[in-house]
Amino acid sequence: MKAGRRLKRIFRGTHFAGLRLGAAALAMIHVVGTLGYHYLGRPSATWIDSFYMTFITVATIGFSETVDLSRHPMGRLFTVGIAFLGIGTMTYMFSTFVALLLESDLNTALKRKRMKKEIAKLSGHYIICGIGRVGTNVANELVKTHRTLVVIEQDRKALDDWLENHPQTLFLHDDAADDDALRSAGVMACSGVFAVTGDDSHNLVVSLSVKLLNPKVRVVARVHDIRNVNKARRAGADEIVSPDFTGGMRIASAMVRPHVVNFMDQMLRSDDGLRVEEVLVPIGFEARPIKDLLPKSRDYILMATHEHGHWVFNPDDDHVVRAGHVIVIMANPGGRESVEQMINA
């Protein structure tokens, strides 16, 4: 995972070496040119005249000859050689400098500015605060299910590790608890925020900051210590997940209900991105029976509806779907998008 950064350092070192080589070659050309013109223009040519003649030749300034070469045809061929070598060296140094500039902090600043503009155009995306071990798995799930995400991470190494395999990710190298960083990530227009840094107290502050900026956005927070669950909820987190607690439940399930766990594992590992998804029926939706709303398809399977706090499992074709209901389906990303389009049509 560090190969890309190592390769970048090698290329940057190569560019510096190229600049040093070019500068040395340019200096040598001026030395040879000065000596040559001093010899060809003797006895009237001074050292200053000879150096100046070399400089204007290499720089392609085009002034008149300061060293008279009218009596020395070979001197003009010497000028052609100096010009050819000098211009070639200058071109090489310029191209090397541009390549180095593109990899410098200036290029990073331009990328950061362009990325902020792209983020400002987003709506309905997800913000991941912390791209460590847990945050990486969250981000992978969003990528697999075709959801737009923005990463906020203060640790440059953790951020680089993620970008190594996902270079197109929109990100901010900043503190997720900072209000300006959250605004830059689009917290006012996002669908949800994941507070999943490795520090419980930091996740509490992130949850509180998000809710103060946008009370309507959904926040899911990670806590390591189960005793911090109530604190996270009071800080504004809508859902709190403890990886330690969830991992213990998963281990127990693997023992007492192995086939169910195996089924879920196979679903999560599927190349088709098969997931159990939910789709909210929007306000203003005209009530319709399921048979008219969701035609049979291989891309999704209707599992249940959630209606004002009550579950209806495996509803029949005549069951009426209304605004505010939540439809639970098993679907691939394309199937979920199709259901969303049909409901919002």
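**Close-up views of a predicted model**

View 1. When rings are taken to pair if their centres lie within 6.5 Å, the count comes to three aromatic pairs. One of these joins Tyr126 and Phe194, whose rings are tilted, with 45 degrees between the planes and 6.1 Å from centre to centre. Because Tyr126 belongs to strand S1 (residues 126-129) and Phe194 to strand S4 (residues 192-195), the pair ties together parts that are 68 residues apart in sequence. The relative accessibility of Tyr126 is 22%, so this residue counts as partly exposed.

**View 2. The stacked rings of Trp311 and Phe313.** In another aromatic pair, the rings of Trp311 and Phe313 are stacked, with 20 degrees between the planes and 6.0 Å between the centres. With a relative accessibility of 47%, Trp311 counts as partly exposed, whereas Phe313 reaches 62% and therefore counts as exposed.

**View 3. A charge over a ring.** Here the side chain of Arg42 lies over the face of Tyr39, at 3.9 Å from the centre of the ring.

**View 4. Where S4 meets S5.** Strand S5 (residues 218-222) runs parallel to S4, and four bridges join the two. Ala195 stands opposite Ala221, a residue of S5. In general, the strands of a sheet pair through backbone hydrogen bonds, in either a parallel or an antiparallel manner.

**View 5. Ile152 in the largest nonpolar core.** The largest nonpolar core holds 43 residues, and those that touch the most other members are Ile127, Ile128, Cys129, Ile152, Val187, Val193 and Val210. When residues up to four places away in sequence are not counted, the contacts of Ile152 include Ile127, Ile128 and Cys129, as well as Leu172, Ala181, Leu182 and Ala185. Asp174 and Asp175 are also among the residues that Ile152 touches.

**View 6. Met264 in helix H11.** Met264 is placed in helix H11, which covers residues 258-269. Its relative accessibility is 35%, so Met264 counts as partly exposed. Although Met264 and Met330 are 66 residues apart in sequence, their C-alpha atoms are 11 Å apart in space.

**View 7. Ala45 in a loop between two helices.** The loop that holds Ala45 lies between helix H1 (3-40) and helix H2 (47-58). Leaving aside residues up to four places away in sequence, Ala45 touches Tyr37, His38, Ser50 and Val67. Ala45 and Ala304 are 259 residues apart in sequence, and the distance between them in space is 96 Å from C-alpha to C-alpha.

Definitions and conventions
Residues are numbered from 1 along each chain as its sequence is written. This is a predicted model: local features need pLDDT of at least 70, side-chain atom pairs count only at pLDDT 80 or more; totals for chains, interfaces and linings use all residues. Side-chain values use heavy atoms; hydrogens and water are left out. Rings of Phe, Tyr and Trp (its six-membered ring) pair if their centres lie within 6.5 Å; planes under 30 degrees apart count as stacked, over 60 as edge-to-face and the rest as tilted. Buried means under 20% relative accessible area, exposed over 50%, partly exposed in between (1.4 Å probe, protein chains only). A charge sits over a ring if NZ of Lys or CZ of Arg is within 6 Å of the ring centre and within 35 degrees of the ring normal. Two strands pair if DSSP finds at least two bridges between them. A nonpolar core is a set of buried Ala, Val, Leu, Ile, Met, Phe, Trp, Tyr and Cys residues joined through side-chain atoms within 4.5 Å. Contact means heavy atoms within 4.5 Å.
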